[in-house]
Amino acid sequence: MSVEDGGAPGLGRPRQARWTLMLLLSTAMYGAHAPLLALCHVDGQVPFRPSSAVLLTELTKLLLCAFSLLMGWQSWPRGAPPWRQAAPFALSALLYGANNNLVIYLQRYMDPSTYQVLSNLKIGSTALFYCLCLRHRLSARQGLALLLLMAAGACYAAGGLQDPGNTLPGPPQAAAANPMPLHITPLGLLLLLLYCLISGLSSVYTELLLKRQRLPLALQNLFLYTFGVLLNLGLHASGGPGPGLLEGFSGWAALVVLSQALNGLLMSAVMKHGSSITRLFVVSCSLVVNAVLSAALLRLQLTAAFFLATLLIGLAVRLYYGSH
């Protein structure tokens, strides 16, 4: 059984159990990100610069990879260090950096609810690049499963959670802070399509690098996050005057950075030993964790749209990974 078909090739039960645990941890960390970020708010605003959080996350991932290699948890390749193989990871870092900044820029041309719904198109773009670049063919059953994932994400974004004191559609935080009408400009639609294409390409390109190079994952991550730190350091420095690097950080903010760093490392393992499609399912399943934590910590209400989205995700998992 292949990873894409729901398992891991040649793994016995103990290693299969570890693989399953890794997927569950990654799902939990993805789902916890938004609620943890909401707990960082002071007077309804994030008290630190977003670029600071991204830079510190990349730096944490880099330090964890270096620590792993120094401790011998992953063996260093024999012979001279393969520094030439680091160069392709610069493109990965550039694609991820472009995508992270596009997310912020897109908000100028559409409301948050429209962005949340339409951004699910990146599931389709990832599947497209997965088939074209890695030459994997998806069956009709698997294609239908991915369509259900897109529908589940759109359904959840359109109204899976609701603030008890707010009756406006869309994400509760966005609606409460700024009740803008649903809209998207032509330029916004073009940029959104570009965002979805870059998102799919960055995921599949990174998977291709991780699988083709015969290097330990920690070393590959070291290459990737070195470029990531340099890129985000430049973006942070060019952001103009603002709060300092650690200004406004709290214990919750530190937890956000640490969880995102650990999740990034888990995702790289998923893409090296699994696939970008596996990553899509992890992100989609994390919506359930996000909703439950939001309801418990932020006192938001689950709606019928949430339960419909959960049903669609369950059907998608069954279709894609179930026995044919």
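1. Basis of the values. Because the model is predicted, local features are given where pLDDT is at least 70 and side-chain atom pairs count only at pLDDT 80 or more, while totals for chains, interfaces and linings use all residues. Residues are numbered from 1 along each chain as its sequence is written, and side-chain values use heavy atoms, with hydrogens and water left out.

2. Overall make-up. The chain has 12 helices and 2 strands, where helices (H or I, at least four residues) and strands (E, at least two) are DSSP runs numbered from the N terminus. Along the sequence their order is α-α-α-α-α-α-β-α-α-α-α-α-β-α. Of the 324 residues, 45% are buried, a term that stands for under 20% relative accessible area, with exposed for over 50% and partly exposed in between (1.4 Å probe, protein chains only). Among contacts (heavy atoms within 4.5 Å) between residues at least 6 apart in sequence, 86% join residues at least 24 apart.

3. Packing of α11 on α12. The axes of these two helices come within 10 Å and cross at roughly 155°, axes being lines fitted to C-alpha atoms, for helices over the stretch in contact, with angles from 0 to 180 degrees between N-to-C directions. α11 and α12 are therefore roughly antiparallel to each other, given that angles under 35 degrees count as roughly parallel, over 145 as roughly antiparallel, 65 to 115 as roughly perpendicular and the rest as oblique. On the α11 side, the residues that meet α12 include F281, L287 and V288, and among their counterparts in α12 are F306, I313 and Y320.

4. Packing around α3. Helix α3 (residues 88–106) packs with helix α8 (residues 186–212) at an angle of about 155°, their axes 9 Å apart, and the two are therefore roughly antiparallel. The axes of α3 and helix α9 (residues 217–237) come within 8 Å and cross at roughly 45°, which makes α3 oblique to α9. Residues making this contact include F89, L94 and G97 of α3 and F223, F227 and G228 of α9.

5. L148 in helix α6. L148 lies in α6 and, at 17% relative accessibility, counts as buried. Its C-alpha atom is separated by 7.6 Å from that of L315, 167 residues apart along the chain. Leaving aside neighbours within four places in sequence, L148 is in contact with L312, L315, A316 and L319.

6. Backbone at R135. R135 is found in the loop between α5 (121–134) and α6, and its phi is near 55°, a positive value in a residue other than glycine. Most residues other than glycine have a negative phi. With 76% relative accessibility, R135 counts as exposed.
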